[in-house]
Amino acid sequence: MSPYRFIDHTADVAADLTGRSAAELFASAAQALTDTLTDRVRVSPITTERVQMDSGSLEDLLVDWLNELLYRFEVRNLLVADADVALRPDGDRWHLDAAVRGEPFDPARHPIRVLVKSATYHSLQLVERDGHWSATIVFDI
Amino acid sequence: MARIEQVDAYRYRLPREEGMLVDGMVYADERMMRDIQKDESLQQVRNVAHLPGIVRASIAMPDIHWGYGFPIGGVAATDADEGVVSPGGVGYDINCGVRLLRSTLTREEIAPRLESIVAAMYRNVPTGVGAHRRDLRLTGGDLRHVLEKGAGWAVSQGLGRAEDLDTVEERGCIAGADPDLVSERAEERGRTQLGTLGSGNHFAEMQYVAEVYDERIAAAFGLFANQITVMIHSGSRGLGHQVCTDHLRVMGDASRRYGITLPDRQLACAPIASPEGRAYLAAMAAAANFAFANRQVMAHWVRESVAGVLGLAPDRTGIATVYDVCHNIAKFETFSVDGRSRRLCVHRKGATRAYPPNHPGTPAAYRDVGQPVLIPGDMGRYSYVMAGTDRALDETFGSACHGAGRVMSRGEAKRAVKGRSLFDEMKQRGVHVMAAGVATVAEEMPEAYKDVSDVVNVVHGAGIATRVAQLRPIGVIKG
């Protein structure tokens, strides 16, 4: 089963995300973002970058994580192929430590589908049921 | 079941319910109202009525659709002293807006060179990811001036003429901008994006005046039948998106701290007088100024493109700015409410200003007829020019609609286009299209949008703007 699936949304792009853990769902989200921007299968895991951040809730952290990757794409040209994500609670906050693998955006090989303005909090809720995590993320485009 | 009361043929009231501080007021006809009820947008109109300090009504235009917290097509004015400001009431693309250029050229005059002109526009106005002109590089100091001065900065650099500013909302510069409150990240995203169109529904479009409905007002706007016009739709690019992202995070905590309870976390807000509210407004104004400069720079390059292909001096194209209007903004404006003059923070989220004749905010050149209201449609059919009215000032805080709104999701549009050559189809309709992304053109195909004339009919019928002219596309560049 694919870890993410795009669903119809009138004005923007929405994706159902899944994972066997919250960390895996975060990795799925990174791939869904890349697949919104371009054809993900054409993005190779050539370089590795580290991302560390923390937020007050898992939902906030998911939005922050995606916006961090969006920033790295726009400013540093990084397209993400996949990510190894670790999450841990830290007091009343959640901490993320991830290795992000990808390559620089190359217009010749990475045809752009659409630019994303931001990941949104719209109807965002991480749900865990029987060891299975899910959430729907909406990208404002 | 929440109540909806029909007021007249074009107005529906959503009466106050628990938590709402004012009524909702929706401008729509009966058929539209049935469509509007298919999604959550009316509930969003009601939710906006919860914002502390909201005045008169939570207003929705006929192009309303479901947004993030606020509906797209929403107008909400809050008291400048006791009210709140909400980044969701502006959106991610701060000062996304439209500029309309007129020319002294006719459709017949440019017809033989149309494809060359569109190609020149496509070369000169960067579209798509990472594209920017190497001859426009901003140093840190330059960017600061852009954020402080807006379109005026571009004109001071020779990217346009001083007269351009006379017909731009707020003369292309919103007061109170503070570059120090724009994050380093937002600046990084913006530094290479000034003078770039972006993607999605943004475009630059060559058009001709297909219909004139009101000769007097059209003449005042400098518009005549068969005339060539150019419409540019773009905003503050990554810089504005990042400003919104940065401040939404802060506002979530601020709402809780100030004890503001809201039905949707995306309405997160802070008192206008609070440090968080003031910081957002100053950063938002800076991003709005970036957007004004962005459209000014692109308008200049369009003028150069047309002149270059026709072998004319740029001024000889007669290309001048009809108007430039924001449709995602929060601004301080003064209105008479219940006989009292009040300074309000007007949030227009997918709505444009529509000031009447003889208003100090209406450009001097249009004092007798009202401010031009620019309403882009889809890339195959038409767009409209309207003029603001006294009724808009009385009812909608001088606001009207901003566009057509989608009917198909992007996925539906792509499926509908499968196996068709949209570029050829557009050509058969007389529209020459150039785009960085083929997928963008599919998603933006005409059938994916509502017929903008339905929206315009309601606004005209309700009297909050007057129909002036219809513009039809002949050339489009997109991201």
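Visitor: How many salt bridges are counted between chain B and chain A?
Guide: Happy to start there, with the note that this is a predicted model. A pair counts when a side-chain nitrogen of Lys or Arg comes within 4 Å of a carboxyl oxygen of Asp or Glu. Over all chains, the structure holds 56 salt bridges. Between chain B and chain A, the count is six.

Visitor: Which residue of chain A forms a salt bridge with B:R189, and why does the pair join two chains?
Guide: The closest N and O atoms of this salt bridge are 2.8 Å apart. B:R189 sits in helix α7 of chain B and its partner in helix α2 of chain A, so the pair joins two chains. The partner of B:R189 is A:E74.

Visitor: How many residue pairs are in polar contact across the interface of chain B and chain A?
Guide: For this value, both residues of a pair must have pLDDT 80 or more.

Visitor: Which helix gives the most to the side of chain B that touches chain A?
Guide: Helices of chain B that each supply at least two residues to that side are α7 (184-191), α9 (237-257), α12 (410-417) and α14 (438-443). By class, the side has eight nonpolar, 14 polar and 11 charged residues. The top contribution is six residues, and it comes from α9(B).

Visitor: What area is buried between chain B and chain A?
Guide: In terms of contacts, 33 residues of chain B meet 33 residues of chain A. Interface size is often given as the accessible area lost when the parts come together. Carbon and sulfur atoms give 52% of the buried area here, and that area is about 2,800 Å².

Visitor: Which residues of the second largest pocket's lining lie nearest its centre?
Guide: The pocket holds about 570 Å³ of space. Both chains take part in its lining: β1 (4-7), β2 (13-19) and α1 of chain A, together with α12, α13 (422-428) and α14 of chain B, each supply at least two residues. The lining divides into 12 nonpolar, five polar and 10 charged residues. Of its 27 residues, those nearest the centre are A:R113, B:R410, B:G411, B:K414 and B:E443.

Visitor: How much space lies in the largest cavity?
Guide: A search of the whole structure for cavities of 30 Å³ or more finds one. Its lining has eight nonpolar residues, one polar and no charged. The space in the largest cavity is about 40 Å³.

Visitor: Which element supplies the largest share of the lining of that cavity?
Guide: The lining residues are A:A30, A:L33, A:T34, A:L37, A:L69, A:F73, A:L78, A:L79 and A:V80. The largest share is four residues, from α1(A).

Technical notes:
Residues numbered from 1 in each chain as written. Chains lettered and ligands numbered in written order. Predicted model: local features only at pLDDT ≥ 70, side-chain atom pairs only at ≥ 80, totals over all residues. Heavy atoms only, no water. Contact = heavy atoms within 4.5 Å. Buried area = accessible area lost by both parts, 1.4 Å probe. Polar contact = N/O pair within 3.5 Å; in protein donor to acceptor, adjacent residues only side chain to side chain. Nonpolar A, V, L, I, M, F, W, Y, C, P; charged D, E, K, R; others polar. 1 Å grid on protein atoms, 1.4 Å probe; cavity = no way out; pocket = protein on both sides within 12 Å on 5 of 7 lines; lining within 4 Å. Points joined across faces, edges and corners; volume = space filled by probe spheres on them.
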